[in-house]
Amino acid sequence: VKVSGDARETANGVRELLSLRYGLGVECAEEEKREAEALYWGTQALFALLLAVAVAIAFFGLVASMATAAIERRREIGILKAVGMRRKSLQKMFAAEAVALTVSSGALGGGMGFLLAWLFIVQAALLMEVPAAFAPPWITFAATFVICSGAGLAAAWLPTRGLLKRPVAEILRGA
């Protein structure tokens, strides 16, 4: 039944009338739509929270990895600095390494995520016997690469900034 006006009030009125008299249930498409939208946005908020936690964990892991790499490559850094390589060039070298690491990880993770999502959609469509379309979230995927690049740059800058300010002799000595 299509009504003009507020569909909820009409559905409640019909529901009260029919459920008491005949024991029938009445469903309102407008109410179902609102419930589905609330579930959708709740799920999106949950996934955004999970993504934020995963990004934070990955960022700190990357910073720790780059700090370890800077400590292990202290002698290499000292020699390159002694030969005449500037601090900015050394920063770029570490930044390129970290960005390459994060972007390749993002590409592999995104590819696996797309594959798993597609498999879930196909499986659900087969189980429900209903055709389902898969639409990859390209904007989210692109935003992930921007976040990966920013995290790589920050992870390269944080551990090496103090090391590269030191004189060559101090770096080579390991103090």
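These legends describe close-up views of a predicted model.

Figure 1. The protein contains six helices and zero strands. Read from the N terminus, its elements follow the order α-α-α-α-α-α. The chain has 175 residues, of which 19% count as buried. Taking contacts between residues at least 6 apart in sequence, 69% link residues at least 24 apart.

**Figure 2. The crossing of α2 and α5.** Helix α2 covers residues 29–72, and helix α5 covers residues 138–165. The axes of these two helices come within 9 Å and cross at roughly 35°. The crossing of α2 past α5 is right-handed. On the α2 side, the contact involves V55, F59, L62, V63, M66, A67 and A70. On the α5 side, these meet I147, A151, G152, A154, A155, A156, L158, P159, T160 and L163. Sorted by class, the residues of this contact are 15 nonpolar, two polar and no charged.

**Figure 3. The crossing of α3 and α5.** Helix α3 spans residues 74–83, and its axis comes within 11 Å of the axis of α5. The two axes cross at roughly 50°, which means that α3 is oblique to α5. This crossing is right-handed. R74, I77 and K81 of α3 make the contact with L163, L164 and K165 of α5. The residues of this contact comprise three nonpolar, no polar and three charged.

**Figure 4. The largest nonpolar core and the surroundings of F94.** The largest nonpolar core is made up of 14 residues. Those with the most contacts inside this core are M66, I77, F94, A155, A156 and L163. Helices α2, α4 and α5 each contribute at least two residues to the core, and α4 runs over residues 87–128. In soluble globular proteins, nonpolar side chains tend to be buried together. Apart from its neighbours within four places in sequence, F94 contacts M66, A70, R73, I77, A156 and T160. Of the residues in this view, I77 also belongs to the contact of α3 with α5, while M66 and A156 also belong to the contact of α2 with α5.

**Figure 5. T102 in helix α4.** T102 is part of helix α4. Its relative accessible area is 9%, so T102 is buried. With residues up to four places away in sequence left out, T102 touches L62, C148, S149 and G152. Among these, L62 and G152 also take part in the contact of α2 with α5.

**Figure 6. E76 in helix α3 and its distance to I171.** E76 is a residue of helix α3. The relative accessibility of E76 is 35%, and therefore E76 counts as partly exposed. In sequence, E76 and I171 are 95 residues apart. In space, their C-alpha atoms are 9.5 Å apart.

**Figure 7. E129 in the loop between α4 and α5.** E129 is located in the loop that lies between α4 and α5. Its relative accessible area is 72%, so E129 is exposed. The phi angle of E129 is near 55°, a positive value in a residue that is not glycine. Most residues other than glycine have a negative phi.

Terms used:
Residues numbered from 1 in each chain as written. Predicted model: local features only at pLDDT ≥ 70, side-chain atom pairs only at ≥ 80, totals over all residues. Heavy atoms only, no water. Axes fitted to C-alpha atoms, helices over the stretch in contact; angles between N-to-C directions. Helix = DSSP H or I, 4+ residues; strand = E, 2+ residues; numbered from the N terminus. Parallel < 35°, antiparallel > 145°, perpendicular 65-115°, else oblique. Left-handed = near helix turned anticlockwise from the far one by under 90°. Contact = heavy atoms within 4.5 Å. Nonpolar A, V, L, I, M, F, W, Y, C, P; charged D, E, K, R; others polar. Core = buried A, V, L, I, M, F, W, Y, C linked by side-chain atoms within 4.5 Å. Buried < 20%, exposed > 50% of the residue type's maximum accessible area, 1.4 Å probe, protein only.
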